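Please have the sequence and the structure at hand while reading.

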Amino acid sequence: MQTLNIAAYKFIALDRLPTRQSELREQLAVRGIRGTVLLAEEGINLFLAGTRADIDDFLNWLRQDPCFHDLEVKKSWSAVQPFRKLLVKIKPEIIRMNHPAIQPAAGRAPAVDAPTLQRWLDQGHDDAGRPVVTLDTRNAFEVDVGTFDHAIDWRIDKFTEFPQALQAHRDELAGKTVVSFCTGGIRCEKAAILMRETGLENVYQLDGGILKYFETCGHRHFTGECFVFDDRRAVDAALQPRINPGQPASDARFEGGARPTGSASDRRLAHPDENC
């Protein structure tokens, strides 16, 4: 039986976090769903896997909460369960940036959808004629597995380093249209807000991240695969795992010879709340 993998997040002011944590853990456990749910006062971030029936049933329950009625979910499939256990955690942030002034729930940065980004990259400029650059907000080892062609990569080791990297490279982005991107959208959303607050005007987030781009546009303008924080390690443009969950990381084969192995990537698989 195929396993349905879902990823979703939403920036929204949440209260009753301990109660929500208990309810979520109970609803997921009774359905045999595994993965990680992160709760914070700024919202929810989740990556889960289970049978299609169980996932659909859980989402129907979750969307009864007015806070999550419009929660958008990205889906992919794998042959087996890619998560080893279920974790429901309360955190200071659903994606750690260590920059408390950034509050996405107060207002999103402008977003560009996948077809628009593909069109801009096809023509080499945005609709106003400005040059377009893509900015990878992910960790260096993720970028090594795959990224957009000619994307800016500041070689950060964790997302908390992004504000300092922006300070060092901000002037390089002046006069350009910048599209920040990440795996599913959460990091590039915070990154885009921070860039706009520093005075950069033409900044967008890629709505839905790489996963939504793959779902909509496939592999165009993208080389390699998208690293994911579970035992699949990466998915291709068809959202298929590049290795079977449980296969030793040293046996994985990725285009271009890149391997998401070693202590850095393995540590982050155990702590997705700092990276996804």
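## Helix α1

On one side of α1, Pro18, Glu26 and Val30 are exposed. The model that shows this is a predicted one. The helix itself runs over residues 17-30, which makes 14 residues. From its first C-alpha to its last it reaches 20 Å, close to the 20 Å expected at 1.5 Å a residue.

Which residues of α1 are buried? They are Leu17, Arg20, Gln21, Leu24, Gln27 and Leu28. These residues lie on the same side of α1, because they cover an arc of only 140° around the axis. Pro18, Glu26 and Val30 are on the other side.

Just after the helix comes Gly32, with a positive phi of about 70°.

## Ile44 in strand β3

Strand β3 covers residues 43-50, and Ile44 is part of it. Is Ile44 buried or exposed? Its relative accessible area is 1%, and buried means under 20%, so Ile44 is buried.

Setting aside neighbours within four places in sequence, Ile44 has contacts with Ala8, Tyr9, Lys10, Leu14, Leu24, Val37, Leu38, Leu39, Phe68 and Ile94. One of these, Leu24, is also among the buried residues of α1. Ile44 and Phe11 are 33 residues apart in sequence, yet their C-alpha atoms are 6.6 Å apart in space.

Most residues other than glycine have a negative phi. Two residues here are worth a look against that background.

His150 is not a glycine, but its phi is positive, at about 65°. His150 sits in the loop between β8 (146-148) and β9 (152-153). Its relative accessibility is 81%, and exposed means over 50%, so His150 counts as exposed.

Arg233 also is a residue other than glycine with a positive phi, near 70°. Where is Arg233 placed? It is in the loop between β13 (226-227) and β14 (234-235). With a relative accessibility of 10%, Arg233 counts as buried, whereas His150 counts as exposed.

How values were computed
Residues numbered from 1 in each chain as written. Predicted model: local features only at pLDDT ≥ 70, side-chain atom pairs only at ≥ 80, totals over all residues. Heavy atoms only, no water. Helix = DSSP H or I, 4+ residues; strand = E, 2+ residues; numbered from the N terminus. Buried < 20%, exposed > 50% of the residue type's maximum accessible area, 1.4 Å probe, protein only. Contact = heavy atoms within 4.5 Å. Expected span 1.5 Å × (residues − 1). Arc of directions from axis to C-beta.
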